[in-house]
Amino acid sequence: MRFQWLTFTVFLAILIAAPLFGQVPSAKTAGTAKAQTRVPLRTIDGQPDLQGVWSFAMLTPLERPAEFAGKANLTQQEAAEYVKRLQERRNADRRDGGAAADVARAYNESWYDYGKSASTQTSLIIDPPDGKLPPLTPEGQKRAQARGAALSRPARGPEDRNLGERCILGFNSGPPMLPSAYNNNVQIFQTKDTVVLLNEMVHNARIIPLDGRPHGTVRQWVGDSRGHWEGNTLVVDTINFTNEGTTFRIPVDENFHLIERFTRRDANTLIYEFTADDPTIQTRPWTASVPMTKSDEPMYEYACHEGNYGMLGILRGARAEEKAAEAGRK
């Protein structure tokens, strides 16, 4: 009787365990297996699977710092040392009153998420080779000066403030997407003929057709995007921006042309590369590469200002400054 019970127990254990041996490893497990890193994950339609939440929180700066001039890459040790120095300098909880301390102590360090690592790249910009943004054209300089003047004076209207303050677009969602202070997340959804890029910052969603249709003619804040596959890489071509389009740090106009490339290197890494070209504003195109990391955390809505009360306060404050200045003159 004991032998029969033991035999039945062993048989039951094998029956339960058998399906498990044939299961595909989870994304987390697959990321640790060297063989898995070279095999693109696929959707049910056979396309490379880019879906999920991806973090682009990254301490690597957009432009190459002077300390790394002429040096495109760091060793792992050098990158770790750079991260330590940068985190100390940016720490909003510093008590020494330095430039890294948050203005008026409005926020402490727990509010920020610049990331905890840096790529071995010394800059996100990989072309031009010096890791720097190309110079502005005369027209680009003119527009940059006009933007700076509008931001430095009391706002005459909402148009004097940037798109992020106006709760139109997130300050890091672009396009192109670039690491910033927090909410450095994008969630990707796929169907056979559509890709959706949903950014946590101001929850903007770009719906990108893959069916070969031509670009539309309506100009938009985020431009008009069309996508296609080149091997295992999703290529997104975007034109038809407005003169004020995107929240990028340099001005753009209706000639801005953006090409983005998404390549899943392994289960936990998505390489995001983009080339920006605006001949009106900059003297040449430039390219950046941003490694994204798979996140197990969900996305949350970033509601910006409810009813945009912040803009109401900005404009009221501007009128109060003007009245105070006028009273001072009298």
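**Exercise 1. How many disulfides does a search of the whole structure find?**

Solution. The structure is a predicted model, in which local features need pLDDT of at least 70 and side-chain atom pairs count only at pLDDT 80 or more, while totals for chains, interfaces and linings use all residues. Residues are numbered from 1 along each chain as its sequence is written, and side-chain values use heavy atoms, with hydrogens and water left out.

Step 1: with a disulfide defined as a pair of cysteine sulfur atoms within 2.5 Å, the search of the whole structure finds 1 disulfide.

Step 2: the partners are Cys167 and Cys304, whose sulfur atoms lie 2.0 Å apart, and the link is left-handed, with -75° about the S-S bond.

Step 3: the pair links distant parts of the chain, 137 residues apart, with Cys167 in the loop between helix 4 and strand 3 and Cys304 in the loop between strand 10 and helix 5 (309–329); here helices (H or I, at least four residues) and strands (E, at least two) are DSSP runs, numbered from the N terminus.

Step 4: taking buried as under 20% relative accessible area, exposed as over 50% and partly exposed as in between (1.4 Å probe, protein chains only), Cys167 is buried at 19%, whereas Cys304 is partly exposed at 22%.

**Exercise 2. Find the residues with the most contacts inside the largest nonpolar core, and the elements that contribute to this core.**

Solution. Step 1: a nonpolar core is a set of buried Ala, Val, Leu, Ile, Met, Phe, Trp, Tyr and Cys residues joined through side-chain atoms within 4.5 Å. The largest such core has 33 residues, and those with the most contacts inside it are Leu62, Ile188, Phe262, Trp286 and Met292.

Step 1: two or more residues of this core come from each of strand 3 (185–190), strand 4 (194–199), strand 7 (233–239), strand 8 (257–266), strand 9 (269–277) and strand 10 (286–295). Apart from this core lies another, of 8 residues, among them Leu74, Ala79, Tyr82 and Val83.

Step 2: with contact meaning heavy atoms within 4.5 Å, and leaving aside neighbours within four places in sequence, the partners of Met292 include Trp54, Phe56, Met177, Val186, Leu270 and Tyr272.

**Exercise 3. Is Pro279 buried or exposed, and which residues is Pro279 in contact with, leaving aside its neighbours within four places in sequence?**

Solution. Step 1: Pro279 is found in the loop between strand 9 and strand 10, and is exposed, with a relative accessible area of 55%.

Step 1: once neighbours within four places in sequence are left aside, Pro279 is in contact with Thr137 and Asn255. Pro279 and Val252, 27 residues apart in sequence, are 9.6 Å apart in space, C-alpha to C-alpha.
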